[in-house]
Amino acid sequence: MPLKRSWVASANSAETDFPLNNLPCGVFSTHRQDARCGVAIGEMILDCRRAEEAGLLFLPAGPLFAELSWNRLMAAGPEVWSALRARLTALLAEGAAERDHVEPLLIPMAEARLHLPLQVAEYTDFYAGRQHAFNVGTMLRGPENALPPNWLHIPIGYNGRASTVVVSGTEIRRPLGQTRAKDADKPVFGPSRRLDIELEVGAVVGTPSEMGRPLSVAEAQRMIFGYVLLNDWSARDIQAWEYQPLGPFQSKAFATTIGSWIVTAAALAEFAVDAPPPEVPLLPYLQEEAPGLYDIDLSVEMHPEGAAARIISRTNHRELYYSAAQQLAHHASSGCAMRTGDLLGSGTISGPEPENFGSLMELTWGGERPLQFTNGVKRTFIEDGDVLTLRGHAQGDGFRVGFGACSGRILPAVSFP
Ligand code: CA
């Protein structure tokens, strides 16, 4: 599909993340206006609450934008999502008859503060990157036993914390925790010294499912409203000591940063690609008919305090082994109820080469190979004052469907006790 041209001039640039083809969903406020839902269009945000109040959206079952998140709209289901997308596209397209009514509802993004776009119901994190699982497993157990025996059969996950999911730009306090050094016989408590990122894409569940009823992969795919960039901050030293036998706990619970914009599944549909063929046949409930991954270029920028920022990793969403729909189907397979606003982390997305790895643990191979920056600055893990930024976009013909930035700066640990 070519660029859809808009009367908002900045939306027609080949470089913007937010052409008319995208229309991602966010929540914003300004110094004059309290927080409300909006969609990004070029360098502007369309105020959806005022558009609905002005009678411009023609949506059934309204009002859908009286709340401070997209949850009500998401719960309204795929037909309403499509109707909204079609209507917004008509209002913002070049030559739109309603332009004079819509133009006063645009706010420059530069004047807006962005908030969490959804009320996160629950957060589950998966482990669906084969290269990441292989790398981490190799470091822990050697290459022969790198993949756990269940990995090629189950999209492995754990239940994380919704309470500490924060929006891009939120400063992150270095976590405290219990660690045990390799040769020590006793653990100690204090600030993490191996603080890391995980480059992930989060799937946002739009419509809920009933307790006791499993979902097919196709049903699960229809329930996914959209996707966000997701940085699953991880304290590797806390993780190494605590993770057996029940998986990560405090090492991941202190913060998860998501991007400000939910890019809808509809906007990404033309970039859909098949997951790689399974290396062993999947059980029928996990088999996927429609392509469930996307050709989304992803990058990590690191800005150490005292040095120039640079890109330390580039990878792509298509490197995953399981899709979000397969993960969601697996999540509900026991009868677990899924809720509007559930967030499913993909797992770290690492590509095949070292420059494609999605965490510092892998990029520096457990801290053995420091990354070099200007001014002689080196990094293995994150130090206080460093800023990490994820970016991502799908490349169309003369336009991109982008996610904006997912960024966070690390603050020193609090002193405790
Ligand atoms: Ca993770």
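Two strands are taken to pair if DSSP finds at least two bridges between them, and by that rule β2 and strand β3 (residues 44-47) pair in the antiparallel sense over 4 bridges. Helices (H or I, at least four residues) and strands (E, at least two) are DSSP runs, numbered from the N terminus. The model is predicted, so local features need pLDDT of at least 70 and side-chain atom pairs count only at pLDDT 80 or more, while totals for chains, interfaces and linings use all residues. Residues are numbered from 1 along each chain as its sequence is written, and side-chain values use heavy atoms, with hydrogens and water left out.

**The open sheet**

- An open sheet is formed by 5 strands in the order β4-β3-β2-β1-β5, with antiparallel pairing, and its edge strands, each pairing on one side only, are β4 (106-108) and β5 (113-115).
- Strand β1 (residues 25-29) and strand β2 (residues 36-41) run antiparallel and are joined by 4 bridges, in which Cys25 has Val39 of β2 as its bridge partner.
- Between β2 and β3, Ile41 has Met44 as its bridge partner, and in the hairpin of these strands, with 2 residues between them, Gly42 takes a positive phi near 60 degrees.
- Strands β3 and β4 also run antiparallel, joined by 3 bridges, and the partner of Ile45 in β4 is Ile107.

**The calcium site**

- Asp125 (OD), Glu198 (OE), Glu200 (OE) and Asp232 (OD) coordinate the calcium ion at 2.1 to 2.3 Å, where donors are N, O and S atoms within 2.8 Å of the metal (3.2 Å for Na, K and Ca), and sites may look incomplete because water is not among the atoms.
- Along the sequence, the donor residues of the calcium ion follow the spacing D-x72-E-x1-E-x31-D.
- Asp125 lies in strand β6 (residues 123-126) and Glu198 in the loop between β12 (195-196) and β13, so this pair ties together parts that are 73 residues apart in sequence.
- Asp125 counts as buried at 2% relative accessibility, and Glu198 is buried with a relative accessible area of 5%, where buried means under 20% relative accessible area, exposed over 50%, and partly exposed in between (1.4 Å probe, protein chains only).

**Pockets and a cavity**

- On a 1 Å grid over the protein atoms alone, a cavity is a set of points where a 1.4 Å probe fits but cannot get out, a pocket is an open set with protein on both sides within 12 Å along at least five of seven lines, and lining residues have an atom within 4 Å of a point.
- The largest pocket holds about 1,400 Å³ of space, a volume being the space filled by probe spheres set on grid points that are joined across faces, edges and corners.
- Among the 48 residues that line the largest pocket, those closest to its centre are Leu140, Arg236, Gln239, Ala240 and Tyr243, and α5 gives the most to this lining, with 6 residues.
- The second largest pocket has about 360 Å³ of space, and of its 22 lining residues the closest to its centre are Trp81, Phe225, Thr264, Ala265 and Ala266.
- The search of the whole structure finds 1 cavity of 30 Å³ or more, and the largest cavity has a volume of about 40 Å³.
- For the largest cavity, β13 supplies the largest share of the lining, 3 residues.
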